[in-house]
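This report covers selected helices, a few single residues and their surroundings. Please read it alongside the sequence and the structure shown here.

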Amino acid sequence: MSENVLAEVNNLVKTFSITSSGGRKKSLVQAVSGVSFKIYQGETLSLVGESGCGKSTLGRLLINLIEPTSGNVTFEGAEVQKLDKKEMRQLRKKMQIIFQDPYASLNPRMNVCKLIAEPLETHKIYKTKKETEDRVKELMEKVGIRKEFINRYPHQFSGGQRQRIGIARALALNPRLVVCDEPVSALDVSIQSQVLNLLDDLQNEMNLTYLFISHDLSVVRHISDRVCVMFLGKICEIGSTEDIYERPLHPYTKFLIEAVPKPDPKLRKEDRKILTGEIPSPVNPPSGCRFHTRCPYAKDICSEQEPEMKDYGDRSAACHFVL
């Protein structure tokens with residue numbers, strides 16, 4: 001991992017308007033709330049947290065698939081939100097995404113050749129059909145799909161093979177940053193390790209930078225250089241993988257790590273604390289620290305004052321009483 005900043009997120013906010021089931025009452029949900037962090041060239045930064053905490057929204061904001069309500073993203077020194085359409089089109093080549101569901105992310109009416117060639121044709125990379133097809137075959141071999149299958153359709157592949165096709169499509173334009181939005185969560189455990197190893201090999205070969213979104217902390221531990229923990233739209237803690245797992249500073253991080261199943265009974269803690277209290281709503285988040293309604297360490301200040309993100313050596317945490 002280099003010290004060159006590839007992308008930087010500055011005080012990013014994304015608010016969605018939702019309508020009640022009756023269609024009358026409208027509410028605002030702040031999916032991402034004042035998030036800031038940096039991604040360094042060549043690293044894998046993992047974004048973890050429970051479902052609904054804003055991970056996928058943040059990943060889409062990073063590559064400008066959706067526009068932020070406020071705040072900005074800087075990529076290679078350029079502020080993404082200020083780029084015009086032509087400049088944004090050029091930037092698209094450098095930022096790609098691998099989606100969670102390999103069944104829904106591939107058009108069933110398109111064969112493998114057309115699926116992988118789509119970004120090449122959209123950006124008019126090659127002049128001839130043969131050049132495009134040769135590049136598609138090269139990408140297929142790179143991700144472990146036999147080139148004889150070039151005319152097959154998505155329904156003729158397994159889930160793991162479909163995800164490999166999705167990876168090939170994401171890498172077609174030689175991007176610098178790839179958002180991996182839970183790329184293995186829909187796959188069998190035996191296939192997950194194969195896809196993770198493939199992503200690792202491709203990163204080394206192509207000098208890729210990953211934002212790896214996941215709720216599975218056992219997966220995150222093996223693939224990440226740094227880990228960013230989110231809870232209800234806010235970052236709780238960010239630091240190196242080793243520091244986060246060996247000595248978490250934020251209570252929420254501690255509970256997430258302790259919740260990872262351990263196959264060895266000797267490693268299980270019988271006296272570990274269990275989360276209790278009211279689960280906060282993203283529509284009406286609690287005042288102060290958003291985790292205080294479930295935190296066993298909470299004091300009065302936690303419900304009154306929102307903790308600031310502070311540096312603790314090589315990592316940062318937002319808690320009034322770091323562990």
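Asparagine 11 counts as partly exposed, at 47% relative accessibility. The model is predicted. Asparagine 11 is found in strand E1. Its phi is positive, about 50 degrees, although the residue is not a glycine. Most residues other than glycine have a negative phi.

Glutamate 76 also has a positive phi of about 50 degrees, and it is not a glycine. It lies in the loop between strand E4 (70-75) and strand E5 (78-79). Its relative accessibility is 31%, so glutamate 76 counts as partly exposed. A further positive phi, near 55 degrees, belongs to asparagine 207, which follows helix H6.

Strand E1 (residues 5-19) also holds leucine 12. Leucine 12 is buried, with a relative accessible area of 0%. Which residues does leucine 12 touch, not counting those up to four places away in sequence? The list is Val32, Ser33, Gly34, Val35, Leu58, Leu61, Pro68, Ser70, Gly71, Asn72 and Val73. Serine 33 is 21 residues from leucine 12 along the chain, yet their C-alpha atoms are separated by 6.6 Å.

Histidine 292 sits in the loop between helix H9 (251-258) and helix H10 (300-304). It is buried, because its relative accessible area of 18% falls under the 20% cut-off. Leaving aside neighbours within four places in sequence, histidine 292 is in contact with Pro286, Ser287, Ala298, Cys302 and Ser303.

The accessibility values of these single residues are set out below.

| Residue | Relative accessible area | Class |
|---|---|---|
| Asparagine 11 | 47% | partly exposed |
| Leucine 12 | 0% | buried |
| Glutamate 76 | 31% | partly exposed |
| Histidine 292 | 18% | buried |

Now the helices. Helix H6 runs over residues 189-206. At 1.5 Å a residue, its 18 residues should span 26 Å, and the end C-alpha atoms are 26 Å apart, so the two agree. Its buried residues are Gln192, Val195, Leu196, Leu198, Leu199, Leu202, Gln203 and Met206. They cover an arc of only 160 degrees around the axis, which means that they lie on the same side of H6. The face turned away from that buried side carries the exposed residues Asn204 and Glu205.

What do the buried residues of H6 pack against? The partners include three strands: E3 (44-48), E6 (95-98) and E8 (209-214). Helix H4 (129-143), helix H5 (159-171) and helix H7 (217-223) are also partners.

H5 has a contact with helix H3 (residues 112-122) as well. The two helices pack at an angle of about 30 degrees, with their axes 7 Å apart. H3 is therefore roughly parallel to H5. From H3, Val112, Leu115, Ile116 and Pro119 take part. They meet Ile165, Ala168 and Arg169 in H5. The residues of this contact divide into 6 nonpolar, no polar and 1 charged.

Is H9 largely enclosed or open, and why? H9 is largely enclosed by the rest of the structure, because 7 of its 8 residues are buried. The buried residues are Pro251, Tyr252, Thr253, Phe255, Leu256, Ile257 and Glu258. They pack against H7, strand E9 (226-231), strand E10 (234-240) and helix H8 (241-246).

How values were computed
Residues are numbered from 1 along each chain as its sequence is written. This is a predicted model: local features need pLDDT of at least 70, side-chain atom pairs count only at pLDDT 80 or more; totals for chains, interfaces and linings use all residues. Side-chain values use heavy atoms; hydrogens and water are left out. Helices (H or I, at least four residues) and strands (E, at least two) are DSSP runs, numbered from the N terminus. The expected span of a helix is 1.5 Å times one less than its number of residues. Buried means under 20% relative accessible area, exposed over 50%, partly exposed in between (1.4 Å probe, protein chains only). The arc is that of the directions from the helix axis to the C-beta atoms. Contact means heavy atoms within 4.5 Å. Axes are lines fitted to C-alpha atoms, for helices over the stretch in contact, and angles run from 0 to 180 degrees between N-to-C directions. Angles under 35 degrees count as roughly parallel, over 145 as roughly antiparallel, 65 to 115 as roughly perpendicular and the rest as oblique. Ala, Val, Leu, Ile, Met, Phe, Trp, Tyr, Cys and Pro count as nonpolar, Asp, Glu, Lys and Arg as charged, and the others, Gly among them, as polar.
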